[in-house]
Amino acid sequence: MSDTYPFARLVLLVAAAGLLALLSNRLTERIRIPAPLLVLVAAAVAVKAIPDLHHPPERLVERLVTLALICILFDGGLHLGWSKFRAAAGPIVAVGVLGTFLTTAAAAAFLHWAFGLSWFLALLVATAISPTDPAVVFSVLGRREVTGRSGTILEGESGANDPVGIALMASLITAGGLSAGAFGQIAGEFVLQMGVGAVVGVLGGRALLWFMRAVPLPSEGLYPLRTAASALILFGIAGLAHGSGFLAVFVAGILIGDERAPYKREIERFHSALASLGEIVAFVVLGLAVDLAVLTRADVLVPGLITGIVLALVIRPVLVGLCLTPAGLAGNERNFVLFAGLKGAVPILLGSFILAAHVPDAERLYGIVVVVVVLSVLLQGSLVPTVARLLRLPMREVEPEPWAIGVRLRNEPEGVHRFTVTAGAPADGHRIDELHALPEDAWISLVVRENRLLPVRGSSSLRAGDEVLVLADPDLHQQLVATFSG
C-alpha cells in the first residue's frame, strides 16, 4: 500500500494534464494561440515550479516523441490518401524535399555568418528548424477547413519534410563533422534511408491492405489495434534495414487512405484519436525537457528570435516560393502556403538529437531551436486566421457530426458509391429526375445536406456540398464521377 498513493498521485497528475491539453483546443478557438504552444509552455513552467517534477532523460524524450510521430505520420498518410497526393505530388515533393534542402542550406549560412556558429553546428540547427507542422495551422482555424490544393500541399509537405529532416539529422550526426569524405557519407546515408523507407512503405502498405481485407478478427475493436501494430512493425523493419521508418509509415498510410477495408471508418477514427494523443504527448514531453533558464540567455534568445523572423519572412518565402512556381497555384493559395510553414514537434525532437549526440554547446543549440519553434507557433500561428481571411482563401465550415446512421454487412458491398456534389458538376442545381446522364440502373438512396437527411424524390434538387449515396454497378463508377464531381 505504501506505493499506492504516489502512483495514484502520478495517475491523477497525468490524467489532469491530458484533460487540460484536450480542453486547450477550445481555448485556442477564442484566443488564437495554438494549443500545442499552450501545452509546451505549461509543461516547461510546471517542471520549473513543481519540485517533484524533473527533466526527463534525453533518450526517453527521443523515444516517446518518436512513437508519437509514428502515430501522427501514419494518420497523416491515411487522411491524405493516394488520390489527393497524386493530384499534388509535384508540389509536395518539390517543397517537401527540395524546399527542405534549400531552407536548410540558407538557414545554415545565416547562422554561420550572423552568429559565428561553425558550419557543422549551423547545419545541425538549420536541419532541425526546417520541417513544418500543418497540425498547428489547422488547430487555430477551428471549424474552418482549407479547400483546394493549398491544404493538401501543406499536409503533404509536412509528411515529406519530417522524414527528410530526421534522415538528414541522423546522417549529419553519424558523420560527426564536415569534410569531403563526410559529404559523401552524408549523401549516401540519406539516399539509403529515403530509398529503403519508400520501398518498405510501398510494399508494407500493400501487404497491410491485403492483411486488413483477407484476415478477419473476432472483434471490431481489434481492427484498429492491428493497423497500429502493423505501422509500428513497418517502422521497425525500415529501421533495421537502415531506412527511414517515418517515411515508411507515411507512405503506407497514403496507400491505404483511399482503399476500402473492413471497419475502415473505425480504423480512421482510432488513428485520428491516436495522432491527437501523440501530439499532446510529444509537446508535454518536449516541454518537460525545456530549461527556461537556458532560453532566457542572450546567446540563445537573440539568435533564436532573429533566425525565426528571417526564416519566416525571407528564407521560406523566397526559396519555397521558387519550388512552388511550376505548381500553378492561385496567388492567394501560394502566399498562404508560404506563410503557413509553421514549426512544431519535429524541430524540437531534432534538437533533442543534438542534445543526445553531445555535440559542442549542445544545450545552447537546443535552446535556439526551441525559441524558433515558440516564435513560429506564437506569432505565425496566431496570425493564420487573419492571413487566411485577408487572402480570401477558399475555405469551408466543418461542423461536428456527433450522430451517425449506418448498417453493418457481413460481406463487402459491391455497388455502393459515395460522392460529394462539387460546384459546377452536372448534378449541382438540378433535380434528380433531370440527371439524364445518370445511368438507368443507378439509384440515389441517400442525400445528406448540412448534416440533415433529405427525402429522396425525383423532384429533390441537389446542390454543391451535398453528400450522395448511390447504388449502382461498380463498372459505372466513372459515369457517376462525371455526374456528381464534374
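Begin by selecting E440, D441, D473 and D475, which in this predicted model gather on the surface in a patch of negative charge. Keep D441 selected and follow the chain to either side, and you will see that D441 lies in a loop, with β3 (416–420) on one side and β4 (443–449) on the other. Is D441 buried or exposed? Its relative accessible area is 65%, and because a residue counts as exposed when that value is over 50%, D441 is exposed.

Next, select residues 119–129, which form helix α5, and notice that 10 of its 11 residues are buried, so that this helix is largely enclosed by the rest of the structure. If you colour the buried residues of α5, you will be colouring F120, L121, A122, L123, L124, V125, A126, T127, A128 and I129.

Finally, clear the selection and look at the whole chain, whose secondary structure comes to 17 helices and six strands. Of its 486 residues, 47% count as buried, while the chain exposes about 23,400 Å², of which carbon and sulfur atoms supply 65%. If you consider the contacts between residues at least 6 apart in sequence, 80% of these join residues at least 24 apart.

How values were computed:
Residues are numbered from 1 along each chain as its sequence is written. This is a predicted model: local features need pLDDT of at least 70, side-chain atom pairs count only at pLDDT 80 or more; totals for chains, interfaces and linings use all residues. Side-chain values use heavy atoms; hydrogens and water are left out. Patches are made of residues with over 30% relative accessible area and no salt bridge: like charges are joined within 9 Å, nonpolar side chains (Val, Leu, Ile, Met, Phe, Trp, Tyr) within 5 Å. Accessible areas come from the Shrake-Rupley method with a 1.4 Å probe; for residues, only the protein chains shown count as cover. A salt bridge is a side-chain nitrogen of Lys or Arg within 4 Å of a carboxyl oxygen of Asp or Glu. Lys and Arg count as positive and Asp and Glu as negative; His and the chain ends are not counted. The place of a charge is taken as NZ of Lys, CZ of Arg, CG of Asp or CD of Glu. Helices (H or I, at least four residues) and strands (E, at least two) are DSSP runs, numbered from the N terminus. Buried means under 20% relative accessible area, exposed over 50%, partly exposed in between (1.4 Å probe, protein chains only). Contact means heavy atoms within 4.5 Å.
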